[in-house]
Amino acid sequence: MNIGGVDIDETFAEAFAMSGTAIVITGPTRRWALNSAMSMTGFATSVIGCGCEAGIDREMGIRETPDRRPGVRVVILSMSPEELQKQLANRLGQCVLTAAGSACFSGVEGTTRLRLGDAIRYFGDGWQISKRLDDGRHFWRVPVMDGEFLCEATTGLVTDAVGGGNLLIMGRSYDAALRAAEAAIDAMREVDDAIMPFPGGLVRSGSKIGGKYKGMIASTNDAYCPTLRGAVDSALDPSIGCVLEIVIDGLSESAVANAMRAGLRAVIKLGPKRGAVRVGAGNYGGELGPYKFHLKELVA
Amino acid sequence: MNPFTFGLRGEPDQRLDCSALVPHRLASLTEAEIARIPLNTTKQKITVGDVFRIRTGDLADIRFERGSERLDNVGEGLSGGSIRIDGPAGKAAGRNMVAGSLAVVGDAGPFAGSGLSGGRLEIGGDAGDFLGAPFPGEMQGVRGGLILVHGRAGRRAGDRMRRGIIVIERGAGDYAASRMIAGTMIVLGATGRLPAYLMRRGTLVLSESAALSPTFLPCGRFAFGFTAMLAQHLKRESRAAARLLKSAFERYAGDMAVTGKGEILVSAG
C-alpha cells in the first residue's frame, strides 16, 4: 500500500510479552533529574546483552511529581520479574542513589510490587528511616552526603508489558532515512508508556536470529543491508540506500501500537522527497511472538 | 440516602459507652434492637432509645446530632463508613479505629484515637490529654491512619506512637510525642516542655522552637524531600501543616537517652 508516496509493507511487527515497570526520578533541577535517568537507562538497549531494556518515557513538570521537583519517568522492561528486579535494584543503587539530589518514586500501579527502596535501604547502615503514609505508600529516607535519599519502598510490576514492536524506515539516501527516522522518534516520544531503548531511539544494526558462526544468538539482518544487495536474498530494491530500525517497548500493547502509529504518521507526513520511501517491520513469521502489529491496520 | 441519626435527647445523667454504635456492629440489627442496646456505665441501665431519638438511614453514614463530653468510646473499632458527632465527644473517641472516618465537630476527651491503626479521625476543637496514646499496659499508641486536630492537644499527645500521621494545628501540651516508636507528628503553634521525651524513632515536626531535652542534638538546617512530599500529601487535610512542611528545618537527633534514631524538625522559617 502506498500513502502519500510512502510504501507501507503489507507485513507486521511481531512482539513479545515482557515484565515491566516505571519509576519517577526527581532532582533539584531538570539537569540532575535527567543525569540520573540517563545513567539509569544507559546500556539498556536489548535484553540480549544488557539484561533489560529501558528508556526515558517523558519528563515531568514540578506539578506532576510527588515532591514537586523536576522529574523524569523511566520505563524498564525485562524477560522475567526476577531479572527485572535484579536490574532495577542494581541500576537504582548505582545510578539513582548516587546522583546528586535525587529522589525516586513508583511510576506505575500494580498489585504485585517490585522492591525499590526496600532493595537498597540497608545502604543507610541502620540510619535509614521508614515512613508509611495513611494512603498506603511507604518510603525510605536514607542519609547520604548531600542530605537524604528519599525513595519509595516499592513500585508496580506490569506483567503484560510488550517488547519488540518495530519499524524499518527505508530511504533513498542516508540523510533521507535519518530524517524520517528522527521525525518518527520525535512523534513516538509523545506517547506515554512507550520507550525506544536504542541510542537516540534508532538501531542501525538490526539483527536476524542466529548466524553462520556457532554460538551466535543473533547476527546482522543481511536482507536489509543495502551493501549486500545482490549477494544475499535481499529485501531491498535498488532505490533503497539506507535502513534504520526503531524498536518500541511499552507497558501495554496499546502503548506500543500508539507509538508505532505515531511514528508511521510522522514518516508519511514528512513524505518521500525528504524522508522515507518505504516502511516495513520485522517478524519471525508470526510463530514466536503473541503480539502482531500490522502496519496496514495502524495507518488505516 | 440520609444518614443514620442518633439525636441526643439531653445531657446524659452518666457517662455512656457508645462503642456499640458503629456500622459493623449495627448492621444486622433492627431499629428496635438498636434502641435496646445498653449504654450505661453505672448500675442504672440506660439504652440507646432512652438517650437518642433514632432516625434510620444509611448505616455507613452515622450522625450524632449534638454531642456531649459524656459520650465515650464513639467510633471504637470503626472498620469502615463514617461517623460524625455534631458537638463534643467524651473519652477515647475513635479508639482502635481500623478504617473509615470519624469527625468530632467539637472538643474530644482524653485518649482520642488511642491505638488507631487506620482511617481518619478529625477533631474540630481541642483534644484532651493522651491523644492517640495507648491505655495503661498497652505497648503502642497510634499504629497507622491519620489524626487531625484543628485545635490544641493536651499532654502526652502521640505517646508511644508507632506509625501513621498526627497533625495538631494549635499547639500541644507537655511531652508531645513522648516515647514515640515511629511515625510522624506535626504540631503547629506552641508546644509544651520536653517534646519527644524518650523518643526511639519517628519524626516530630514543630512550627515553633520548644524546650527540648538536652538529649536531642542539633544536626543543622536542611530542606527535606520527605517533608516536601508530605506537604503535598496533607495539603487537602491541613493547609497550615502543608505550608509548614514546605519550609526548611533545623534537625535535632534524639532522644539520645534511648536509641537516638528519632528526630525533631523545627521550622527554620
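B:Glu250 is partly exposed in this predicted model, with a relative accessible area of 24%; here buried means under 20% relative accessible area, exposed over 50%, and partly exposed in between (1.4 Å probe, protein chains only). B:Glu250 forms a salt bridge with B:Arg221, the closest N and O atoms being 3.2 Å apart, where a salt bridge is a side-chain nitrogen of Lys or Arg within 4 Å of a carboxyl oxygen of Asp or Glu. By this rule there are 25 salt bridges over all chains, while the number of disulfides over all chains is zero.

Because the model is predicted, local features need pLDDT of at least 70 and side-chain atom pairs count only at pLDDT 80 or more, whereas totals for chains, interfaces and linings use all residues. Residues are numbered from 1 along each chain as its sequence is written, chains are lettered from A and ligands numbered from 1 in the order in which they are written, and side-chain values use heavy atoms, with hydrogens and water left out.

**Salt bridges within the chains**

- Helices (H or I, at least four residues) and strands (E, at least two) are DSSP runs, numbered from the N terminus.
- B:Arg221 counts as exposed, at 54% relative accessibility.
- In chain B, the side chains of B:Asp159 and B:Arg179 also meet in a salt bridge, at 2.7 Å from N to O. B:Asp159 is in the loop between strand 9 (143–149) and strand 10 (163–168) of chain B, and B:Arg179 is in the loop between strand 10 and strand 11 (184–187), so the pair ties together parts that are 20 residues apart in sequence.
- B:Asp159 counts as buried at 1% relative accessibility, whereas B:Arg179 counts as partly exposed at 28%.
- In chain A, a salt bridge joins the side chains of A:Asp222 and A:Lys208 (3.2 Å, N to O). A:Lys208 lies in strand 15 (residues 207–209) of chain A and A:Asp222 in the loop between strand 16 (218–220) and strand 17 (242–250), so the pair ties together parts that are 14 residues apart in sequence.
- A:Asp222 is partly exposed, with a relative accessible area of 22%, and A:Lys208 is partly exposed, with 29%.

**Interface of chain A and chain B**

- Contact, meaning heavy atoms within 4.5 Å, involves 18 residues of chain A and 23 residues of chain B.
- About 1600 Å² is buried between chain A and chain B, and carbon and sulfur atoms give 59% of this area. Buried area is the accessible area (1.4 Å probe) that two parts lose on being put together, summed over both.
- A:Lys131, A:Arg132 and A:Asp134 supply 31% of the area that chain A buries against chain B, more than any other three residues.
- The rule finds one salt bridge across this interface. The side chains of A:Arg141 and B:Glu263 meet in a salt bridge at 2.6 Å, N to O.
- A network of salt bridges links A:Arg141, A:Glu148, B:Arg251 and B:Glu263.
- Strand 8 (129–132), strand 9 (138–144) and strand 10 (147–152) of chain A each supply at least two residues of the side of chain A that touches chain B. Strand 8 of chain A gives the most to this side, with three residues.

**Backbone features of chain B**

- The peptide bond from B:Gly254 to B:Asp255 is cis, with omega near 0°. B:Asp255 lies in the loop between strand 14 and strand 15 (262–267) of chain B.
- B:Arg66 has a positive phi of about 65° although it is not a glycine. B:Arg66 lies in the loop between strand 4 (58–65) and strand 5 (71–72) of chain B, and counts as partly exposed at 45% relative accessibility.

**Cysteines of chain A**

- A:Cys52 is in no disulfide, and the nearest cysteine sulfur, that of A:Cys50, is 6.9 Å away; a disulfide is a pair of cysteine sulfur atoms within 2.5 Å.
- A:Cys52 is buried, with a relative accessible area of 0%.
- The sulfur of A:Cys151 is 4.5 Å from the closest cysteine sulfur, in A:Cys104, which is too far for a bond.
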